[in-house]
Each structure stands twice: as C-alpha cells, then as structure tokens.
Amino acid sequence: MTSMLLSSTSQTQIFHNIRTSQPIPHLHPYRTACLAPLPCRSRSIRCAGSTAVADTGSTRELKQGIAELYDESSAVWEDIWGDHMHHGFYDPDEVVSGSDSDHRAAQFRMIQEALSFAGVSEDPEKGPKTVVDVGCGIGGSSRYIARKFGAKCQGITLSPFQAQRANALAETEGLADKVSFQVADALEQPFPDGQFDLVWSMESGEHMPDKRKFVGELARVAAPGATIIIVTWCHRVLGPSEESLQPWEMKHLKKICDAYYLPDWCSTADYVNLLESLSLQDIKTADWSQYVAPFWPAVIRSALTWKGLTSLLRSGMKTIRGALVMPLMIEGYKKGLIKFAIITCRKPE
C-alpha cells in the first residue's frame, strides 16, 4: 500500500470547485453519512474511536500516525517485497506460486493494467510527459512510468523516510533527472494548477480524510486533457434500500482502520459523484477484487517466513499491528465488503 499524504502548504491555488466545499462530516461510531451535498446512494463511514482519528476529528494525529506507520514499515516491505508498495494483478484462474518474483511481476502488471484501463497510449511518443505520483511510497510507480514514457515524475508522500529512500533509489538507478520526491500534502499539493498530464494515485485514497478535497486537488493539478487514475480500497456500494453498511461490516472495517490509520471509507459510487461534480469526463470504474485475491495470502506467507518474522519484530508495533489484521483484509474481500477499485477520468480540454 502506498504512503499517503497530508502536510502543509499554501491554499492560494486550490481548485475553484473545492473552495467552498465542506469536509466529510465527522460521524457517530455506528452511523453513516452521505458525501453531501452530492446525491448518492452509497455512504461513507467513519471508523470513530480508532487510533487513526481522535474524537476531536483532528487530522494532525492521523497525519502523524500515517507518517510513522510508513517510516517504520517501508524498509521491511522493500526488503521482502521490493519497491512497489501496492497489490499485484493476477489472472483469476491462475495457480499462483509462492515465488517472490511472480508476485513482483504481478505488481508491475498492476501498473500496466491501470494505464491500459485508463486508455494511456503504449506509444512512448504519445504517453504522458509530466506525472504526479500522489502517495508515491518509495517511488516504484514513478520510476516505472519514467522509464516507460521518458516522463518527468514528481512524487509526494507524508513519510520522510519514503521520500528520502525514493530519491536515493532514483539516484542509484540513474533516474534522478527524471523523478523526484518530497514530503507534501495530497490535500494541498505544492504544485500550480494544470501542471501534469497524468495524475496517478495508487492505493493512497483510502488514507484521505476529506475525499472531496482529495479528488479536487487531483483535478486541480491535472492539465487540460490529462488522465486521472485512482486505484484505491473501497467498501461495497449500498443497495437501493440501504442507508448504511451492516453493523458487522462497520465493526470489521473499524478494526482495519485502527491498524492502518484509515479515516472514512467510501464506495466507487461516491467517487463517481465527486468526479461528476467537477465536470470531469470519460469516467470509468471497475472492481478488480478478483484480480488481487492472491495478494494478501502471499503477504501473510511472506510474513510467516523466518526473514519475515524477524523483520516484523525489528520494525515496531505499528507494523506488527498492521500484519495482525491482514486476515481481515482477506475476509473482507471474500465477503464482498471490501472492493479493490480503479476509477479513471479525463479533465476537459
């Protein structure tokens, strides 16, 4: 899972559609609320009372918790799984081996499939030339895209460790002139309007406490005609007669929130509503849950090796707590509560 971002910069250039918006309301532990004022059937939930968000709703503790989690765990992840801190993409009928190389290949494929789904040309001459990687982790996606298209990529993360490590890897791989990374805020990005022709967010949206502002910032920094790709964890879309998730579902998600510093969850329908409110075009979504099903079992198997166990014990309590809830991710996918979603769109010319 990529690192997620919230820190402080000037708000003078915030995309005009979000200047007057209100953040998602702080909710009662077992109530849900719509992403008002947009009309939607799906509801977001707050994992209230979790370690991620204090009862006051302060994002300061959330930001600090996210940064510390990834400062603590990123070296362990890289040591075991390499520099792509996100799910892999597998064929549903494929018999997946325990080989680390197979799983790393699936992580490369995740990037390829996301680009393809969004309609990004395979032709390097027609591909993106300026890219922002929102929630860049240690820069795996940025380096891949920079090599593939010859693009200039800028990554942002909350984690000082990740930014430093990502820049070090870029230097080692001869890409320092193409990619750069900094600690910055996904909700207040330190970039001017209309700068990037590809806006990339691989598994960072789940950490964002204000989904409206998150999407608004993605749109603001996108150039006219740019592609926006959001790959993120969502909860299921509610049925026509449902006002909220079921109590067991909210309890299940709360446990995951507590371990991974997650605020409100939402559905793909919520994201579509937000994108439509910003007049973004060519909106497409897909549920890729079946394609990522082997991922968490593979991570658990890796954690149970001698190398995995010793690395976890050295890493600290936040990483260990995250490892302990991995079975809940598997269960959530199997029961249809958790959805691995891709949402893409284009900013009008």
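Lys 254 is partly exposed, because its relative accessibility is 22% and the buried class ends under 20%. Keep in mind that this is a predicted model. Lys 254 makes a salt bridge with Asp 258, and the closest N and O atoms are 3.0 Å apart.

The next pair is Lys 339 and Asp 287, which form a salt bridge with their closest N and O atoms 3.5 Å apart. Lys 339 has 25% relative accessibility and counts as partly exposed. Asp 287 is partly exposed too, with a relative accessible area of 40%.

How many salt bridges are there by this rule? The count comes to 17. Another of them joins Arg 165 to Glu 78, with the closest N and O atoms 2.8 Å apart. Arg 165 is in helix H4 and Glu 78 is in helix H1, so this pair ties together parts that are 87 residues apart in sequence. Glu 78 is buried at a relative accessible area of 18%, whereas Arg 165 is partly exposed at 29%. There is also a network of salt bridges, which links Asp 83, Arg 143, Arg 147 and Glu 173.

Asp 210 is buried and has no salt bridge. Which side chain of opposite charge is nearest to Asp 210? That is Arg 212, at 5.4 Å, and the salt-bridge rule asks for within 4 Å. What the side chain of Asp 210 does have is backbone contacts. One of its polar atoms lies 3.2 Å from the backbone nitrogen of Arg 212, and the side chain of Asp 210 also reaches the backbone nitrogen of Lys 213, at 3.1 Å. As for location, Asp 210 is in the loop between strand S6, residues 196-202, and helix H5, residues 211-221.

On to the strands. S3, residues 130-134, and S4, residues 152-157, run parallel and are joined by 5 bridges. Val 132 is opposite Gln 154 of S4. To get from S3 to S4 the chain passes through helix H3, residues 140-149, in a right-handed β-α-β crossover.

S4 also pairs with strand S5, residues 179-183, again in the parallel sense and over 5 bridges. Here Ile 156 has Gln 182 in S5 as its bridge partner. The path from S4 to S5 goes through helix H4, residues 160-172, and this β-α-β crossover is right-handed. H4 is the helix that holds Arg 165, from the pair with Glu 78 in H1.

Last, helix H10, residues 306-315. Which of its residues are buried? They are Gly 308, Thr 310, Ser 311, Leu 312 and Ser 315. Among the elements covering these buried residues are helix H1 (59-81), helix H9 (295-303) and helix H11 (317-324). Just after H10 comes Gly 316, which has a positive phi of about 125°.

Terms used: Residues numbered from 1 in each chain as written. Predicted model: local features only at pLDDT ≥ 70, side-chain atom pairs only at ≥ 80, totals over all residues. Heavy atoms only, no water. Helix = DSSP H or I, 4+ residues; strand = E, 2+ residues; numbered from the N terminus. Buried < 20%, exposed > 50% of the residue type's maximum accessible area, 1.4 Å probe, protein only. Lys, Arg positive; Asp, Glu negative; His and termini not counted. Polar contact = N/O pair within 3.5 Å; in protein donor to acceptor, adjacent residues only side chain to side chain. Pairing = 2+ DSSP bridges. Right-handed = clockwise from strand over helix to strand, strands pointing away. Contact = heavy atoms within 4.5 Å.
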